[in-house]
Amino acid sequence: MNDPAHIPAWQRLSSEVTTSGMPAERNLRDMIGAGIKHVLDLTPQGHPEALPGEEHGLRLLGIGYTRVGVPYAAPTEEHYKAFVRAVEALPRPLHVHCIANYRVSAFFYRYHLECGWNENEARAVMRQQWEPDTSDDPTAAPWGAFVSEARLASERRRKIHPPRNHA
């Protein structure tokens with residue numbers, strides 16, 4: 001497996017999941033070298049920065065493609081649930097991308113918390129791309145709220161179901 005670090009915001013989460021910003025057409029073939037079997041794209045259909053023909057190009061290379069379009073300005077619970085369904089069902093190795101790896105990293109932050117990661121572990125992965133809940137960029141506000149709510153929900157779950165001492 002060769003990680004194509006030249007793809008914007010490339011990040012390996014595990015042996016089976018990678019993420020990035022928008023790949024260029026010349027990067028599609030690099031997905032084969034990275035061992036990718038399927039790509040999940042969170043970019044909304046028709047986004048001006050989307051790669052035209054990405055699905056077709058990937059399919060020609062034998063790589064599956066699924067889109068769960070998430071508007072940057074208005075992520076919803078339904079978008080997140082569609083992301084989770086896709087991440088849990090799609091073939092591996094899976095590559096998940098959007099325009100800048102912002103949507104993806106925020107969704108994986110929450111997903112990791114829900115899978116039992118602690119706040120520091122989940123945040124460290126997201127921090128490699130951004131921290132929307134501490135950003136001064138007003139366009140990050142919906143994502144800051146999304147991340148803050150994920151953190152608070154995780155804290156509530158931990159209070160209700162504290163970790164067991166196995167000593």
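1. A pocket here is an open set of grid points where a 1.4 Å probe fits, with protein on both sides within 12 Å along at least five of seven lines. The model is predicted. Its largest pocket holds about 160 Å³ of space. Two elements, α2 (54–60) and β4 (64–67), each give two or more residues to the lining of this pocket.

2. Which residues line the largest pocket? They are Gln45, Gly46, His47, Ala50, Leu51, Pro52, Gly53, Glu54, Glu55, Tyr65 and Arg67. By class, the lining of the largest pocket splits into four nonpolar, four polar and three charged residues.

3. Searching the whole structure turns up one cavity of 30 Å³ or more. The volume of the largest cavity is about 40 Å³. Its lining consists of Gln11, Leu13, Thr19, Asn101, Val104, Ser105, Phe108, Val125 and Met126. Five of these lining residues are nonpolar, four are polar and none is charged.

4. Which element gives the most to the lining of the largest cavity? Helix α4 does, with three residues. Both α4 and α5 supply at least two residues of that lining.

5. Helix α6 passes a simple length check. It runs over residues 141–160, which is 20 residues. At 1.5 Å a residue the helix should span 28 Å, and its end C-alpha atoms lie 29 Å apart, so the two values agree.

6. Which residues of α6 are buried? Trp143, Gly144, Phe146, Val147, Ala150, Ala153 and Ser154 are.

7. Aromatic contacts come next. The structure holds 13 aromatic pairs. In one of them, the ring centres of Phe107 and Phe146 are 5.2 Å apart. Their planes meet at 45°, which falls between the limits of 30 degrees for stacked and 60 for edge-to-face, so this pair counts as tilted. The pair links distant parts of the chain, with Phe107 in α4 and Phe146 in α6, 39 residues apart.

8. Phe107 has 0%, so Phe107 is buried. Phe146 has 10%, so Phe146 is buried too.

9. Ring pairs also build a cluster. Its members are Tyr72, Tyr80, Phe83, Tyr102, Phe107, Phe108, Tyr111, Trp130, Trp143 and Phe146. Phe108 is also among the residues lining the largest cavity. Trp143 and Phe146 are among the buried residues of α6.

10. Trp10 sits in the segment before β1 (11–12). Its relative accessibility is 13%, so Trp10 counts as buried. Leaving out residues up to four places away in sequence, Trp10 touches Asp3, Pro4, Ala5, Thr18, Thr19, Ser20, Ala34 and His95.

11. His97 belongs to strand β5 (residues 94–97). At 0% relative accessibility, His97 counts as buried. Which residues does His97 touch, not counting those up to four places away in sequence? The contacts are Ser20, Gly21, Met22, Pro23, Val39, Leu40, Asp41, Leu42, Thr43, Glu54 and Val104.

Methods. Residues numbered from 1 in each chain as written. Predicted model: local features only at pLDDT ≥ 70, side-chain atom pairs only at ≥ 80, totals over all residues. Heavy atoms only, no water. 1 Å grid on protein atoms, 1.4 Å probe; cavity = no way out; pocket = protein on both sides within 12 Å on 5 of 7 lines; lining within 4 Å. Points joined across faces, edges and corners; volume = space filled by probe spheres on them. Helix = DSSP H or I, 4+ residues; strand = E, 2+ residues; numbered from the N terminus. Nonpolar A, V, L, I, M, F, W, Y, C, P; charged D, E, K, R; others polar. Expected span 1.5 Å × (residues − 1). Buried < 20%, exposed > 50% of the residue type's maximum accessible area, 1.4 Å probe, protein only. Phe/Tyr/Trp six-rings, centres within 6.5 Å; stacked < 30°, edge-to-face > 60°. Contact = heavy atoms within 4.5 Å.
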